[in-house]
Amino acid sequence: MNETRRPRLTADRRTFLRGSGLGLLGAASLAACGNDDAGSSTSSSNGASDGFGEISIQLSWIKNIEFAGEYMADSRGYFSDAGFSKVNLLAGGSSGTAAEAMVLSRKAHVGLSSPTLTAPAIVNEDAPLKIIGSTFQKNPFCLVSVQEKTPVATLADLAGKRLGIQTGGNETIFDGFCRANGIDASSFTIVPVQYDPSVVETGEVDAFMAYLTNEPILLAGRGLTPVTLGFADNGLPVVSETFTVLSSLIESDRDMLKAFLAAEVRGWNDAVADPAASAALAVDTYGKDQGLDLEEQTAEAEAQNTLVVSEDTRTHGLFTMTGELIEENVRALSLMGTEITAEELFDLSLLEEVYQENPDLITG
């Protein structure tokens, strides 16, 4: 299920799930007949001495601040330094651009996605995919309300409230959130909504399913005091903005994927260190046609840094996932109806090798 396009100020959101019947393998087979551009790199098995050629990265949404690290890595030459002749950052957010389908069709080497998309593709459609790292250590989903009306700050506050939940994938995630916390769904009323948080502002609903890094900032910009109840800290610790690749590339193009990860780490290290510069790249260069607001994008960059950086990443490096976090994700996926093992979904061995070979990339 691809999210319906919304007005510019609220066009920063997509669901983790695009429906139970993704049809990825069928779509990928058709697409592969017409385009095999990202099928493999031009590297030899000995590394990047001959260069890797172009790399295509399917973004999970429009070109906004969400991809600050990719912008930094591209604009500062980190992909070039790693051996890539060109980087194609493919915007998402419209039909036909699901990261899994683009990777399976070999139109993209890497897709930015989420376990809640990649895992069902693997389990339900035998998609030969793996996740090799995670940008966000926490998913940004939350319920947002406003202090001036009816604040929903705790699980106990849900009782008797009207909750705005978008139909489709968000329903699945919210159901998992309820199961994780033993919440009786009959204790509140779900109101189907779109993606505009003004329904909270007008009082049509008491709380609204949103992203911590977007809608609360929009509401604050309207003079309101947002109150958030995050899913990641309340029983549903699924990561997001994960790097999804073909399983076969992990062996056939391992050096290329490691070079990609090293460039990404450098880019995201810079993005974390300088949110203002990241926002300027989003507004003035990569997302110039999106009509983005610099102040808002800067605030979102600062907010998303709290999802990118954790105590574990300070110790082990960006994109890494501890064994405990991986198992938490597997359990959370089970709550949302997808049974999968850690080995079937994740392969973080490339990232481990990157940091072993480049310990200076761990900036703390």
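I take two strands as paired if DSSP finds at least two bridges between them. Helices (H or I, at least four residues) and strands (E, at least two) are DSSP runs, numbered from the N terminus.

**Ground rules.** I am reading a predicted model, where local features need pLDDT of at least 70, side-chain atom pairs count only at pLDDT 80 or more, and totals for chains, interfaces and linings use all residues. Residues are numbered from 1 along each chain as its sequence is written, and side-chain values use heavy atoms, with hydrogens and water left out.

**Confidence.** I looked up pLDDT, the predictor's confidence in each residue, from 0 to 100. The chain's average is 88, and 85% of the residues score at least 70. Residues 1-21 fall below 50, yet this stretch has 83 contacts (heavy atoms within 4.5 Å) beyond near neighbours in sequence. Residues 39-49 are also below 50, with 23 such contacts.

**Strand E8.** How many residues of E8 are buried (under 20% relative accessible area; exposed is over 50%, partly exposed in between; 1.4 Å probe, protein chains only)? I found five of the five in residues 207-211, so E8 is largely enclosed by the rest of the structure. Ala 207, Met 209 and Tyr 211 point one way, while Phe 208 and Ala 210 point the other way.

**Its partners.** E5 (residues 141-146) runs antiparallel to E8, joined by four bridges; here I see Leu 143 opposite Met 209. E6 (residues 162-166) pairs with E8 in the parallel sense over two bridges, and Gly 164 stands opposite Phe 208.

**Helix H2.** I then checked residues 68-75, and six of the eight are buried, including Tyr 71 and Met 72. Gly 77 follows H2 and has a positive phi, near 80°.
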